[in-house]
Amino acid sequence: MYTPDAPAGPGHNQCARSAVGQPGARTSRPGQPGVRGDSRCVHFIRAGAVAAPRSPSYSPSRWGPARWPGRPSRPRRGRAAARPRRSRAAGRPRARVGPGWQIYDKIEAAGDIAEPWNHLPDIVARDKAGVLWLYSGQEKGGFTPRVRVGPGWQTYTHLNGGSDLNGDGRPDLVAADTSGTLWLYRGTGETARPYERRTRIGGGWQVYSQLVGAGDVDHDGKADLFGYLPGTRTVYLYAGTGDPARPFEPRTVSDAQTGNAYTNMS
C-alpha cells in the first residue's frame, strides 16, 4: 500500500535546494507520525472519471439514474450537483492511492513538473509545518515516493499550479500570501529543485477566496487565471501575457459569469 511517507529508496538522503531559497531539503523518511493506520486518504481518479463517494449520504439520484455509470440527471435550478464529463471513462470506480494524507493542509495538481517527463500529472502537497512536497505521477498509477521541495510555504493562503505562464513549456505555480501578494514560481523541470526563486506579481489578491488556473480559456496560446470574489460572487479573468515580468493582463469579468452567480469554482 502506498503512503505519503514511503521510503524514497536509493539516494533518499540526497539534498535539494528549497524553492523558497533555503538549503537542506531532503527526500522523505519513513516512520513519521500520523500516517500508518489512518483511514483518511487521497483517491486517484482516472481521466474523465468521477468518484461517487460510497457513504450513507450517497444517493444514485444525485448522480444519475440507477443504470450508473452513465449521464447524470440534469440538476434542478439552484441545486448543487456534480456533472461528470462524457467519456468512455465516465463512471469508473475510484482507485485508492493510500492512507496518511491527513498530514497535509493543501494538495495541488502541478502539471508534469518533474523528471522523467512522462506527460503524467504531478502533485505538490503542503504539510502542517509549511513544508512543500512533490509527488511525481507514474504510468502504472499512483505516485513516486515524495521529494521535499522546501519549507516556508505556510505563508501562502492559495497555491495554484499546472499552467505555463512564461511560455517555456514547463508548468509554473502561483501563490498568494497572507498579505495578498501574488508570487510566481517558474518551473525548472528538475525533481530536486522544481521551481526557481519566486518573483513578485503584485498585491491585492487577498480579496479572492479562490484562484483557479484554467489553461488557455481565451484561445490566444497563453495560460490564464480565474479569481473568485465571494462578496459579489463574481468570477474575474486574468488573461495571460506569456511574460514572467507581467504574467497577466488587468482583470475583466469572465463571460462565465454572465447570468450566473457561483459559490465555488474548480
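**The cavity, a pocket and the sheets around them**

Author: The largest cavity in this predicted model has a volume of about 50 Å³. Because the model is predicted, local features need pLDDT of at least 70 and side-chain atom pairs count only at pLDDT 80 or more, whereas totals for chains, interfaces and linings use all residues. Residues are numbered from 1 along each chain as its sequence is written, and side-chain values use heavy atoms, with hydrogens and water left out.

Reader: Why is this space called a cavity, and not a pocket?

Author: On a 1 Å grid over the protein atoms alone, a cavity is a set of points where a 1.4 Å probe fits but cannot get out; a pocket is an open set with protein on both sides within 12 Å along at least five of seven lines. Grid points are joined across faces, edges and corners, and the volume is the space filled by probe spheres set on the points. The structure holds 1 cavity of 30 Å³ or more.

Reader: Which residues line the largest cavity, and what makes a residue part of a lining?

Author: A lining residue has an atom within 4 Å of a point. For the largest cavity these are Asn160, Ser163, Leu165, Asp172, Leu173, Val174, Gly213, Asp224, Leu225 and Phe248. By class, 5 are nonpolar, 3 polar and 2 charged.

Reader: Which element gives the most to the lining of the largest cavity?

Author: Strand β10 does, with 3 residues; β9, β10 (172-177) and β14 (224-229) each supply at least two. Strands (E, at least two residues) and helices (H or I, at least four) are DSSP runs, numbered from the N terminus. The protein has 1 helix and 16 strands.

Reader: How do you know that β9 and β10 pair?

Author: Two strands pair if DSSP finds at least two bridges between them. β9 and β10 run antiparallel and are joined by 6 bridges, so they meet that condition. Gly161 has Leu173 of β10 as its bridge partner.

Reader: What makes β13 and β16 the edges of their sheet?

Author: The open sheet has 4 antiparallel strands in the order β13-β14-β15-β16. β13 (210-215) and β16 (252-253) each have a single partner strand, so one side of each lacks a neighbour in the sheet. β15 (residues 234-238) pairs with β16 in the antiparallel sense over 2 bridges, and Tyr236 stands opposite Val253 in β16.

Reader: Which residues are closest to the centre of the second largest pocket?

Author: That pocket has a volume of about 590 Å³. Of its 18 lining residues, Glu108, Ala109, Asn160, Val212 and Ser266 are the closest to its centre. β5 (104-111), β9 (156-163) and β13 each give two or more residues to the lining, which divides into 8 nonpolar, 8 polar and 2 charged.

Reader: Why is Phe143 called buried?

Author: Buried means under 20% relative accessible area, exposed over 50% and partly exposed in between (1.4 Å probe, protein chains only). Phe143 has 8% relative accessibility, so it counts as buried. Phe143 lies in the loop between β7 (132-135) and β8 (147-150). Its C-alpha is 8.1 Å from that of Val97, although the two are 46 residues apart in sequence.

Reader: How many residues of β9 are buried?

Author: In β9, 6 of 8 residues are buried, so the strand is mostly covered. Across the protein, buried residues make up 42% of the 266 residues.

Notes. Ala, Val, Leu, Ile, Met, Phe, Trp, Tyr, Cys and Pro count as nonpolar, Asp, Glu, Lys and Arg as charged, and the others, Gly among them, as polar.
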